[in-house]
Amino acid sequence: MNNRLKVLRAERDWSQAHLAELLGVSRQTVNALETGRYDPSLPLAFKIARVFEQPIESIFSE
Amino acid sequence: MQPKLKRLLAWVFLGGLAAGLVAGMAGFGVGYLSASRPEVAERIAVFEVIGFGLFGLIGAVVGLWVSIYWMRAIDEAAREAHKAAWFWGGAGALLFGLPLLLIATLPQTATWSLPDWFYGRSDPIAHAALGAGGLLVLMLAGYTVAWGWWWFRRR
């Protein structure tokens with residue numbers, strides 16, 4: 001699964017640590033998500049969508 | 001690391017120290033009794049076994065409680081890493097015990113002797129403990145490797 005997490009985070013000039021804090025996960029997890037090597041659970045995907053104020057489908061794609 | 005996990009680690013460390021202190025004092029007491037009043041030491045020998053058993057049981061319960069707290073506190077990716085480490089590392093490492101188990105069924109191995117790594121003892125209980133310890137080491141090693149590999153692949 002692909003995602004636009006890195007782009008969205010860069011647009012907001014957030015660090016991985018800041019995004020991790022907003023999502024309630026570790027920085028390592030944010031890194032794993034950004035590199036596409038870890039697919040989030042549905043609750044975390046919804047949380048990511050809430051944080052970036054975008055629909056899930058605009059952040060994640062197959 | 002989350003502050004509550006740091007606090008938990010600090011408590012585990014202090015708890016370990018306290019448990020070590022209690023065990024050390026108990027060991028000193030029993031040792032002193034054995035040297036000064038062997039007849040009393042002999043009478044309480046059975047309570048030593050019960051005490052050690054209870055000590056281990058309490059340790060297991062505390063360990064389980066800490067694990068539950070830890071697993072609930074970490075995020076989902078970290079939890080996934082532990083699950084993968086348990087399945088691939090822990091259970092996978094068990095398979096490496098299989099050749100030993102198969103060899104042990106052969107009559108040729110009946111005369112083999114095990115090393116006396118368990119406090120220099122070579123009685124059946126020591127051999128059982130050696131087997132359990134060996135399995136534990138094997139599983140922990142597999143767990144650690146698989147856990148490290150999981151995070152390495154997602155760095």
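User: What makes two residues count as being in contact here, and how many residues does each chain give?

Analyst: Two residues are in contact if their C-beta atoms, placed from the backbone, lie within 7 Å, and by that rule the contact takes twelve residues from chain A and eight residues from chain B. This is a predicted model, in which local features need pLDDT of at least 70, side-chain atom pairs count only at pLDDT 80 or more, and totals for chains, interfaces and linings use all residues. Residues are numbered from 1 along each chain as its sequence is written, while chains are lettered from A and ligands numbered from 1 in the order in which they are written.

User: Why is H2(A) called roughly perpendicular to H3(A)?

Analyst: The axes of helix H2 (residues 16-23) of chain A and H3(A), lines fitted to C-alpha atoms over the stretch in contact with angles from 0 to 180 degrees between N-to-C directions, come within 8 Å and cross at roughly 105°. Angles of 65 to 115 degrees count as roughly perpendicular (under 35 roughly parallel, over 145 roughly antiparallel, the rest oblique), and therefore H2(A) is roughly perpendicular to H3(A). The contact is made by residues including Leu19(A) of H2(A) and Val30(A) of H3(A).

User: How does the radius of gyration of chain B stand against a compact globule?

Analyst: Taken over C-alpha atoms, with the globule rule of 2.2 Å times the number of residues to the power 0.38, the radius would be near 15 Å for a compact globule of 155 residues, but chain B has 21 Å.

Terms used: Helices (H or I, at least four residues) and strands (E, at least two) are DSSP runs, numbered from the N terminus.
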